Amino acid sequence: MNTFLTLLKTSLNVNFGISALRHRFIKQKRRLWEPVLIGVSFAFGIGTLMALTSAFFIALLIAGKSMGQPEIVLAMGFVSAQLIILMFGIFYIMGAFYFSKDIDILVPLPLKPSHIIASKFVIVMINEYLTLVPILLPAVIIYGAGTGQGILYWIKALILWLATPVIPLAMAGLFVVILMRFVNIRKSKDLLAFVGGFLGVIVAVGTNFFFQRMPKGKEEEFIQNFLNTQSGLVKTVGQKFPPALWATKGLAENSPEAIGYFLLFIGTCLVLLAALLWLANRIFFKSLLSGQEVNRRRRSVSQREMDGKYGKRQSPVLALFWKEWKLFFRTPIYVMNGLVGMVMAPFLIIMPYIANKEAGAYMFDIISNPQYTVPVTLAGVGVLLLVTNMNIVANTSVSREGNMFWVSKLIPVPAKQQILAKVLHSIAIVLIGIVVTAIVLAVILKYTPIRIIIIVFLAIIGSFSTVALNLMVDVLRPKLEWTNPQEAVKRNINAILGMLASFVALGIFAGVAAMMVFMGAPEWLVYTGLAVIMGAVAAAALFGLLKLSEWKYKKIEV
Amino acid sequence: MINIKNLSKSYNKGSVKAVDNLNLHVNPGEIFGFLGPNGAGKTTTIKMMIGLLNSDSGSISIKGFDNQKQTLEAKRNIGYVPDNPDVFDRLTGMEYLNFMADIYQVEPDVRKERIKSFLEMFGLNDAAGDLIKSYSHGMKQKIVLTGALVHDPALWILDEPLVGLDPKSAHQLKELMRKHCDKGNTVFFSTHVLEVAEKICDRIGIINRGKLVAIGTMDELRKGEQAGSLENIFLELTEQ
């Protein structure tokens, strides 16, 4: 037990970077404001989501009460929480058990496989509590407060809350450990990361679509409808995944039967966990090793390739551009955060208008009304610039080099040329977003071709300034110390700071455009004026960026 | 080829002196071995030579170019291999070499010939089309080495170049170093393997606690107060 506790303590320390944070904030006293900013943005994100789910659960409680089944709130909360944990759990567990870097250090130590698995399990479980905050917490609180529950309810709720991730994660664990014993997924690690990330986007889009369909002011009616047509679904899911119903029954009532369900839920948690640890002791190392086999097939370069694609000389800027391009597209986490989100964003933005017919019809009326040509076109430009600004390509461009930054310091290419390659790469990715959004505007929102051309033209000019400002932030304070590419993009505050910086430019553009419209400027002048302002801001930002990079690259030491 | 004057560098706001008023001159045609215990300042000195670290004071000139003022000219004359061969592991070996050749603007015919001969020599022909992340430590070392030499720089700066290389590749690298210097070029390398330094170096410098404590040919070092093998000399000088 002592060995396990030591292992757990160290794992927690490493995974949540406790010593590293302590060193940075207490010893070095660097970037003390960062956790505050992260905390605020995090609270804001979770808060928004919680507001949405709370509204849903309140409506569900009212509807459920009128049907004499208020516990539908708990059932919905437990079913969705456990299903989501099960779905993502498979990926998290696979990552933690088989792909984490410390596995190679832990395996040679005299530790039982069950100790390693249990410590990893705890870490995944702690991360899952965050998933539970916006889903289960509102359900439990709204039901408890809404039906006036006593102290026993809250005690049981706390225990069930803590135990909720155990069953789905243990099931995911059993599945993964058995699967890995027979299938070598280790070599498809990148594909796996991509599938996991993509699943996340689908769930986010699906949830958003569901909530957008809820008409404002008519939530209860919508829920009634939903229950009449979909309550069968909750029941079916509940039957297929009975622990969620046990938790509901165990929590909602105080009868001996309810205590039985409560104990059944907790007992199932313990049995599944024990089964996972038992299996781990038997096959974890075997399944780990079966995935370690290296692919021995080697690929040489043919004379034709030597003469063809490798037989040409290109400029250093182009060489750097293609290097950025290849590294970006070969790192799934970069594609997920830099491209997939940006390509999905236009669909998310127009979703309310498709999901809600009234709003959609109103929107189409405005778009097709010649009176609103200028505002509609400008709104299109705004959408394109906002969508393309929501990615991590430019604002983590230097950070992504990580411990490879020595190459950038070593090569005889001036910093401004290196940064120019990054600007071009960011613009190239942004162009993909511009094209997709423009297609959405043209096909779904029926923007005319001439408007699309104007919008795309203005958006491209505008993008140069947002890209330059995003890059400026990353040049100023690159995060070069990371071991996993995920840290370079997802745990990098520059992603937020860059976007904030570029909002300044977007604000200027919006202000200038609005001013010209209110002053009654003719259409051609609005677009030309905006193009000139955007061009000027882009030129100034690019000039500043290149100057800044020359100064900063000299300062960075590796 | 290398001229270092009064070079100093400290860490932790001056509390740790990594390099302390170092003066060093390395001639063309020389293989220069840079020795010292762990933490003596070898890698810090090398990193300042190639521009990865800034010095607190002093100057470094590479083939007559001040590496602070004529940065690009100085860099063009250097081929550097770090002690840890971390490169872009999501590029294939060939893509990496081609990238380095583009960066140093090596003519297509020249690069093809050089890359081909290095790949053959290091036995990497069959793996050049694979992603670097599938390479072993030694293979990575060889691909980084090839990338560093593809522009045929006058000065090779190699930090622990023999670690991770198999005996055949290590032997070939030592021969390459000799040939390179015989053409009037220079190799500056750090190592902990004293036998190798004793065998192939024209001159040796020993650094301890940031200061150069000895410099010269093996014979010159032996003539000093310390006598015997390089190991004895090293131990005596660095224990003080």
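Ser61(B) stands opposite Asp66(B), a residue of strand S5(B), in what is a predicted model. Strand S4 of chain B, residues 57–62, is joined to S5(B) by 2 bridges, and these two strands run antiparallel.

Stepping back, S4 and S5 belong to an open sheet of 4 strands in chain B, ordered S2-S1-S4-S5 with antiparallel pairing. Strands S2 and S5 of chain B sit at the edges, each pairing on one side only. Strands of a sheet pair through backbone hydrogen bonds. Across S1, S2 and S4 of chain B lies helix H1 of that chain, which runs at about 120 degrees to S1(B).

Here are some chain B elements with their residue ranges:

| Element | Residues |
|---|---|
| Strand S1(B) | 2–11 |
| Strand S2(B) | 16–26 |
| Helix H1(B) | 42–50 |
| Strand S4(B) | 57–62 |
| Strand S5(B) | 65–66 |

Now for the cores. The largest nonpolar core holds 97 residues, and Ile143(B) and Phe188(B) touch the most other members. Helix H3 of chain B, residues 93–103, gives this core its largest share, 7 residues. Setting aside neighbours within four places in sequence, Ile143(B) is in contact with Val87(B), Gly93(B), Tyr96(B), Leu97(B), Leu119(B), Leu124(B), Ile132(B) and Tyr135(B). A second, separate core has 67 residues, among them Phe99(A), Ala139(A), Val140(A) and Ala157(A).

Chain A itself has 23 helices and 0 strands. Of its 558 residues, 48% count as buried. Among the chain A contacts with a separation of 6 or more, 84% come from residues 24 or more positions apart. Chain A exposes about 26,900 Å², with carbon and sulfur atoms supplying 70% of that area.

How values were computed
Residues are numbered from 1 along each chain as its sequence is written. Chains are lettered from A and ligands numbered from 1 in the order in which they are written. This is a predicted model: local features need pLDDT of at least 70, side-chain atom pairs count only at pLDDT 80 or more; totals for chains, interfaces and linings use all residues. Side-chain values use heavy atoms; hydrogens and water are left out. A nonpolar core is a set of buried Ala, Val, Leu, Ile, Met, Phe, Trp, Tyr and Cys residues joined through side-chain atoms within 4.5 Å. Buried means under 20% relative accessible area, exposed over 50%, partly exposed in between (1.4 Å probe, protein chains only). Contact means heavy atoms within 4.5 Å. Accessible areas come from the Shrake-Rupley method with a 1.4 Å probe; for residues, only the protein chains shown count as cover. Two strands pair if DSSP finds at least two bridges between them. Axes are lines fitted to C-alpha atoms, for helices over the stretch in contact, and angles run from 0 to 180 degrees between N-to-C directions.
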